[in-house]
Amino acid sequence: MITASMVKELRERTGAGMMDCKKALTACDGDMEKSIDWLREKGIAKAAKKNDRIAAEGLTRAAVNGNTGVVFEVNSETDFVAKNEKFLGLLDEIQGVLIENKPADLDAALACAASEGTVADAVTTATATIGEKISLRRIAVVEKADDEFFGCYMHMGGKISALVTLKGKADEAVAKNIAMQIASMAPQYVNRDEMPAEVVEHERKVQTEIVKNDEKLANKPEKVLAGIIEGKISKNLKDLCLVEQEFFLDPNMKVAQYLKENGCDVVNFVRYAVGEGIEKRQDNFAEEVMSQAFGG
């Protein structure tokens, strides 16, 4: 059964109309990812939106101490609590623990000793004290070499945090600019070489279907169509790669050019945005209207 909430999610992810979304879901037996491809292949949605639905509040944080950098996210139920002094104090404590202990993963971080018990205990205490569920959701600990540079940037007080490692002749100003690029433009990979083959193949499948359904291209030779498909693939995937993006301070150059002019390369980066990937709370009014429209 195709529900109003499914239609709503597909609309948010593709920008397609309500009825088109329902048709896509019906044709694809309710499979969300296949429905996105169906809409793209029919030319109804140009591209699926990359942003996951966001619900959880809280803050992310990026911090550097010497050759150690950390990025982490602590969630709360409301944005109001994220401004609470006790909540901010918990972030300060977690930051210090991560930098000192360099845990390998989230479980190891939660088991690290804190001021009272473990980090897990500190989170539980914060939940009881503040009155909302608080959780340490994820962490990243990055180590750099002595001849490398960290770039660190937090947007809107921690709604988005980015940490990048550069090598070469870069200085802290260049590194921070790249961190700001990552925070603002949300790349997923440093370059095309890092992109998994299945990502490229998936895009090739979608673009092949789009070209097949384009009547204007019906009489084009196969070789020409192949070139068109590859061009569309390259255009759609370039913004996923940091070095292929337009540089935010000068749209006339790519990030790769900015890096080259400053004699450096990107080693790695981490970007966290608050709540990404967590399904957001339903808008009850919108759900009610859509339920009436679809009899669900």
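Trainee: Where does Lys144 lie in this model?

Mentor: Keep in mind that this is a predicted model. Lys144 sits in the loop that links β3 (135–143) to β4 (148–155).

Trainee: Which side chain makes a polar contact with Lys144?

Mentor: Look at Asn67. Its side chain and that of Lys144 are joined by a polar contact of 2.8 Å. The Lys144 side chain also reaches a backbone atom, the oxygen of Glu148, at 3.0 Å.

Trainee: Which residues beyond its sequence neighbours does Lys144 contact?

Mentor: Set aside everything within four places in sequence. Lys144 then contacts Gly66, Asn67, Phe149, Phe150 and Thr165.

Trainee: Which side chains make polar contacts with Glu73?

Mentor: Asn75 is one partner, with a side-chain contact of 2.7 Å. Arg138 is another, with a side-chain contact of 2.6 Å. Apart from neighbours within four places, the residues touching Glu73 include Leu59, Thr60, Ser135, Leu136 and Tyr272.

Trainee: Let's turn to nonpolar residues. Why look for them in groups?

Mentor: In soluble globular proteins, nonpolar side chains tend to be buried together. In this model, the largest nonpolar core has 25 residues. Phe72, Val74, Phe87, Ile134 and Leu136 touch the most other members.

Trainee: Which elements each supply at least two residues of this core?

Mentor: They are β1 (57–65), β2 (68–76), α4 (85–101), α6 (119–130) and β3. Helix α4 gives the largest share, 7 residues.

Trainee: What does Phe87 touch?

Mentor: Skip residues up to four places away in sequence. Phe87 then touches Gly58, Leu59, Val74, Asn75, Ser76, Val81, Ala82, Ile130 and Ile134.

Trainee: How many residues are in the second core?

Mentor: That separate core has 24 residues. Among them are Leu166, Ile178, Ile182 and Phe247.

Trainee: How far apart are the C-alpha atoms of Leu259 and Phe247?

Mentor: They are separated by 9.9 Å. Along the chain, the two residues are 12 apart.

Trainee: What about Tyr258? Where is it found, and is Tyr258 buried or exposed?

Mentor: Tyr258 is in helix α10 too. Its relative accessible area is 11%, so Tyr258 is buried. Tyr258 and Ile178 are 80 residues apart in sequence, but their C-alpha atoms are 9.3 Å apart in space. With residues up to four places away left out, Tyr258 touches Val174, Asn177, Ile178, Phe247 and Met253.

Trainee: How many disulfides does a search of the whole structure find?

Mentor: The search finds 0 disulfides. Cys28 counts as buried because its relative accessibility is 13%. Cys241 is buried too, with a relative accessible area of 0%.

Trainee: Where are Met156 and Ala186?

Mentor: Met156 is in the loop between β4 and β5 (160–168). Ala186 is in the loop between α7 (172–185) and α8 (197–212).

Trainee: What is the relative accessible area of Met156, and of Ala186?

Mentor: Met156 has 61%, so it is exposed. Ala186 has 29%, so it is partly exposed.

Terms used. Residues are numbered from 1 along each chain as its sequence is written. This is a predicted model: local features need pLDDT of at least 70, side-chain atom pairs count only at pLDDT 80 or more; totals for chains, interfaces and linings use all residues. Side-chain values use heavy atoms; hydrogens and water are left out. Helices (H or I, at least four residues) and strands (E, at least two) are DSSP runs, numbered from the N terminus. A polar contact is a pair of N or O atoms within 3.5 Å; within protein, one must be able to donate a hydrogen and the other to accept it, and residues adjacent in sequence count only if both atoms are side-chain atoms. Contact means heavy atoms within 4.5 Å. A nonpolar core is a set of buried Ala, Val, Leu, Ile, Met, Phe, Trp, Tyr and Cys residues joined through side-chain atoms within 4.5 Å. Buried means under 20% relative accessible area, exposed over 50%, partly exposed in between (1.4 Å probe, protein chains only). A disulfide is a pair of cysteine sulfur atoms within 2.5 Å.
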